Amino acid sequence: MNKPVLRTMAMAFFTILFLIVFLLPACRCADPDPLQDICVANLKASISVNGFPCKPLPEVKSGDFFFHGLRKEGNTTNVFGSNITSGNVLDFPGLNTLGISMSRVDLAPGGLNPPHSHPRASETGVIVKGKVLLGIVTTANVFHSKVLKAGDMFVIPRGLVHFQLNVGKGKAFFLPAFNSQLPGIVVLPITLFASTPPIPDDVLAKAFQVDEKVISGIKSKFGS
Ligand code: GLV
Ligand code: MN
């Protein structure tokens, strides 16, 4: 091989090495970056891509950039005393390809947003009203928690199990935000005890080191 070819190959090698060593570890990305200014989701498209296809630009309206769904208090009359109103791409198609979304969580007095995780997003947010105990468990099994009041902000790294409990006298609500247009949610009690079809009782009995009757008792609380 002649010298210029060797020099080009060496430059290519070092450029790739630089990209791998310095740039890739710097990416703490969630959703991929957008490739255009606007890509309002066409939720009804028959093709499926990583996200949603864009509706044609001439059909984009001002209304596609606004969402009023988080104004209203959610109905917390359920076993947990909590309600999540989501503002993700399925509710607000203007978020498509932008890698962000929000929701609203209402908690009745004593209400619990049960232990859950988001497979595709980190979460941050601000308490708007009330007093909320927020707990996070790391993969090293360390529990971090704090009682938060209106105006306080929090962050939950992607994938970690967390919960929010209303520890105040009145109602509470907060506004979480995510670095994904569709963060996904794994609610542990529902995932484990109310999947379709159900996880076999003997699996859960062994996992929790209890009698199978205890497992069927828990499942019955979730209508399984
Ligand atoms: C709160 O943690 C939420 O995911 O809505
Ligand atoms: Mn969450």
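Predicted model: local features only at pLDDT ≥ 70, side-chain atom pairs only at ≥ 80, totals over all residues.
Q: How many salt bridges does a search of the whole structure find?
A: The search finds four salt bridges. Among them, Lys171 and Glu73 meet through their side chains at 2.9 Å, N to O.

Q: Where do Lys171 and Glu73 lie?
A: Lys171 is in the loop between β8 and β9 (172-178), and Glu73 is in the loop between α1 (3-23) and β1 (82-87), so the pair ties together parts that are 98 residues apart in sequence.

Q: Is Lys219 buried or exposed?
A: Lys219 is buried, with a relative accessible area of 6%. Its salt-bridge partner is Asp201, with the closest N and O atoms 2.6 Å apart. Lys219 belongs to helix α4 and Asp201 to helix α3 (residues 201-208), 18 residues apart. Asp201 is partly exposed at 22%.

Q: And what does Lys55 meet in a salt bridge?
A: The side chain of Lys55 meets that of Asp64 at 3.0 Å, N to O. Asp64 counts as buried, at 15% relative accessibility.

Q: Turning to the sheet, what is the order of the five strands?
A: The order is β6-β5-β8-β3-β10, in an open sheet with antiparallel pairing. The edge strands β6 (143-149) and β10 (186-187) each pair on one side only.

Q: How many bridges join β3 and β8?
A: Strand β3 (residues 112-117) pairs with strand β8 (residues 161-166) over three bridges. Leu112 stands opposite Leu165 in β8.

Q: Last topic: which residues make the nonpolar surface patch?
A: Phe208, Val210 and Val214 make a patch of about 230 Å². Val214 lies in helix α4 (residues 212-221) and is partly exposed, with a relative accessible area of 40%.

Note on methods
Residues numbered from 1 in each chain as written. Chains lettered and ligands numbered in written order. Heavy atoms only, no water. Patch = residues over 30% accessible without salt bridge, like charges linked within 9 Å, V, L, I, M, F, W, Y side chains within 5 Å. Areas by Shrake-Rupley, 256 points an atom, 1.4 Å probe, with all protein chains shown as cover. Helix = DSSP H or I, 4+ residues; strand = E, 2+ residues; numbered from the N terminus. Buried < 20%, exposed > 50% of the residue type's maximum accessible area, 1.4 Å probe, protein only. Pairing = 2+ DSSP bridges.
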